[in-house]
Amino acid sequence: MNTRPPTARAAEVSAGQPVPPGVTTDVLIVGAGPAGLAAAVELRRLGAGSVVVADRDDEAGGIPRHSAHTGFGARDLRRVLTGPGYARHYAEAAAAAGADIRLGTTVTGWGGLSASDPPRVGGLPSAGGQHRATLTSSAGVGTVAARAVLLATGCRERPRTARVVPGDRPPGVMTTGELQRRVYLGGQELAGQALVVGAEHVSFSAMVTLAHAGAEVVALVTDRPRHTSYAAFALAASWRWHVPVWSSTVVRRVSGRGRLDGAELADLVTGETRFVPCDLLVFTGDWIPDHELARAAGLDMDPGTKGPAVDTALATSVPGVFAAGNLVHAAETADVAALGGGHAARGIAAFLRDGLGPGSPPGPVRLPLTAEPPLLWVAPNALRAGGPAPPRGRFVLRSDVFARLARLEVWQDGRRLATGVSLGMKPDRPVRLGASWTSRADPGGGPVTVRLA
């Protein structure tokens, strides 16, 4: 007997169903993680029209589905859930709100559609919207026309190949995402000794997952002078699991033919190398947005975040296309991504309400916002003249330095717009900058820059 709630089943019935030619919708959302599902709920609450959500996975909910630890939902739901419980909440809420969730479905094509275009091959009407996407699933290929699109495709960790770590290519080398899928979704046990590459939040999560799977974690290895997570995480790792953090250390080579033997490590301070035997090697962190679709859509990309450039309404450079979640700030927690999805939904609802589209007057003025080294990036990375504040009323930045006390300054055309203070700045950790100063920026002036004083 299936005891799952009706709303949970409603989110699953569309998996693999074909998309008939000629389907139109008000909003197409690509990605059924926290940002995409929260946006779907908010769009339906606002009465913004029909919503189609497409995701290549077989279940809705995104990364939290295979993060079995607790700690999800504090900021958006005001309660704490496990990852799977958090994913179920949003999947059920989106289905109950009336969103058409299409799982096992990948966006494989993208094109613009003008309201004046004649009907296309396959009966696609021109009145449905200005954006057209091709959706492909095991059931076939179909086309959806939408008045607005939200990209919420998230981010991923760079694998070993992208980090250019030389050596052999034995099994047993993976990212945290693959590890958690194997353990929490596949129920796989992983015995033996494990080495975790990285020492940020997700690295300690990988350590807990490995211990849950039966592995003995030898150490966390980071090229940073110290870990970049909370002090409590490092203390718990040392006291509860007896796992040290080897700082200023890098993996020089992976060894193993047929099976993983271990890794050669190098100390960046002394230059000494040593070989550490292990059966599992997990590369963590070093996030990159899943930006392939954004690039295919011709969106302007931000060189810092590596995701699409967005303004404070989370609108991209293409009218009617928005982006939210860890596609624009890799990687924030799931609740921050969900709140960003809700913020984007309100921007989309305003876009649809104002009737912006082909033949409309020019859109709002966008003023570039950049970050100077050692700041790595800022998101959102454009100001919208007269527009809303950014999600949660603040900008998110990343730094490449450790600092107990850092002063941030905002400048435009030689004029200082604001000064702020950041406590405990660390690499891989978010730095927040309030948005009260945005009204002082000159819409006709030059780019706005955030720097360390």
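Trainee: Which side chain meets Arg56 in a salt bridge?

Mentor: Good place to start, and keep in mind that this model is predicted. Side chains of opposite charge can pair when their charged atoms come close. Here the N to O distance is 3.7 Å, and a salt bridge needs a nitrogen within 4 Å of a carboxyl oxygen. The partner of Arg56 is Asp290.

Trainee: How many residues apart in sequence are the parts that this pair ties together?

Mentor: Arg56 lies in the loop between strands E2 and E3, while Asp290 lies in the loop between strand E18 and helix H7. The pair therefore ties together parts whose separation in sequence is 234 residues.

Trainee: What separates Glu42 and Arg45 in helix H2?

Mentor: These two form a salt bridge, with their closest N and O atoms 2.8 Å apart. They are 3 residues apart in helix H2, which means a separation of about one helical turn.

Trainee: Which element gives the largest share of the lining of the largest cavity?

Mentor: The largest cavity has a volume of about 130 Å³ and is lined by 15 residues. Helix H8 and strand E23 are the elements that give two or more residues to this lining. The largest share, 3 residues, comes from H8.

Technical notes: Residues numbered from 1 in each chain as written. Predicted model: local features only at pLDDT ≥ 70, side-chain atom pairs only at ≥ 80, totals over all residues. Heavy atoms only, no water. 1 Å grid on protein atoms, 1.4 Å probe; cavity = no way out; pocket = protein on both sides within 12 Å on 5 of 7 lines; lining within 4 Å. Points joined across faces, edges and corners; volume = space filled by probe spheres on them. Helix = DSSP H or I, 4+ residues; strand = E, 2+ residues; numbered from the N terminus.
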